[in-house]
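Student: I'd like to learn how to read a ligand site. Can you walk me through one?

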Amino acid sequence: MTLIRLNKYLSDCGISSRRKSEEYILQGRVSINNKVALDLSAKVDPTNDIVLLDGEKIFQKRKLYILLNKPKGVVTTTIDEKNRKTVVDLIKSRDKIFPVGRLDYNTTGVLILTNDGEFSNFLTHPVKRIPREYEVKLDRTLTGEDKEKLCKGIYIKGVKGKFIKVTLHDKKNWKFVTVIAIEGRNHFVKNMFGALGYTVEALNRKSFAGITADIPVGAYRVLSKDEISGVIKTYGK
Ligand code: URA
């Protein structure tokens with residue numbers, strides 16, 4: 001009999017990330033064998049225990065990993081309170097999936113969706129320093145001095161952030177740049193440029209964890225087991 005932590009079990013069942021699952025536990029929404037489980041260290045025997053969330057039985061599910069080339073005008077969430085189209089609405093799946101991290105409403109490009117909370121945590125954990133490559137259109141040309149500042153580091157809301165690489169698409173037009181970030185704070189790219197007085201006019205995520213958008217904007221495909229294990233192998237340690 002293998003016992004697993006309750007928050008991991010919830011995330012394995014595709015309920016949410018481990019962190020979010022802990023919130024559900026503390027809110028008293030989870031029970032094991034008809035007893036409300038408020039203890040974050042509680043363990044579950046997946047074959048014999050009955051776990052309920054909000055009174056409904058949950059099951060371990062097959063793991064699903066999707067690459068979406070996100071179009072503009074779609075929110076990165078599972079449900080939108082303003083009833084706008086969400087990234088999940090674009091994908092035909094019987095399984096409940098959620099986006100890994102977020103892209104802004106008008107940002108395009110690589111977005112991974114999954115029901116594997118552990119994989120989602122892996123990709124978004126700051127310590128993993130997973131690279132995100134963005135193509136950026138600025139409102140004006142980037143100066144050499146500012147390019148250097150972006151790579152040395154800039155304080156955003158009191159926390160230093162930096163790009164590990166800034167390249168220019170065209171030596172003659174420094175409005176178009178490609179940057180690589182290794183963190184995923186909300187609006188990170190816009191805030192980095194915004195701190196230096198630039199406006200980001202268009203943003204496309206070209207790759208995430210080495211996975212590139214090899215499909216048209218708005219299309220999606222299932223990521224293979226090899227692609228997933230490749231990511232874990234590359235960024236696992
Ligand atoms: N940084 C941003 O500012 N927006 C995004 O959508 C992604 C990264």
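Student: How far is an oxygen atom of the ligand from a polar backbone atom of His-187?

Tutor: Keep in mind that this is a predicted model. For polar contacts, look for N or O atoms within 3.5 Å of each other. Here, the ligand oxygen sits 3.3 Å from a polar backbone atom of His-187. Next, Phe-188 has a polar backbone atom 3.4 Å from a ligand nitrogen, and for Val-189 a backbone N or O atom is 3.1 Å from a nitrogen of the ligand. As for cover, the ligand alone exposes 240 Å², and the protein buries 97% of that.

Student: Which residues are around the ligand?

Tutor: To list neighbours, take residues with a heavy atom within 4 Å. Among them are Leu-103, Asp-104, Tyr-134 and Lys-190. By class, the shell has five nonpolar, two polar and two charged residues. Helix 5 (residues 188-194) gives the most to this shell, with three residues.

Student: Why does the ligand lie between domain 2 and domain 3?

Tutor: Check who supplies the shell. Domain 2 (66-123 + 220-235) and domain 3 (131-208) both give residues to it, so the ligand lies between them. The space the ligand takes is also the largest pocket.

Methods:
Residues are numbered from 1 along each chain as its sequence is written. This is a predicted model: local features need pLDDT of at least 70, side-chain atom pairs count only at pLDDT 80 or more; totals for chains, interfaces and linings use all residues. Side-chain values use heavy atoms; hydrogens and water are left out. A polar contact is a pair of N or O atoms within 3.5 Å; within protein, one must be able to donate a hydrogen and the other to accept it, and residues adjacent in sequence count only if both atoms are side-chain atoms. Accessible areas come from the Shrake-Rupley method with a 1.4 Å probe; for residues, only the protein chains shown count as cover. On a 1 Å grid over the protein atoms alone, a cavity is a set of points where a 1.4 Å probe fits but cannot get out, and a pocket is an open set with protein on both sides within 12 Å along at least five of seven lines; lining residues have an atom within 4 Å of a point. A molecule sits in a cavity or pocket if more than half of its atoms lie within 2 Å of its grid points. Helices (H or I, at least four residues) and strands (E, at least two) are DSSP runs, numbered from the N terminus. Ala, Val, Leu, Ile, Met, Phe, Trp, Tyr, Cys and Pro count as nonpolar, Asp, Glu, Lys and Arg as charged, and the others, Gly among them, as polar. Domain bounds come from an automatic or database domain assignment.
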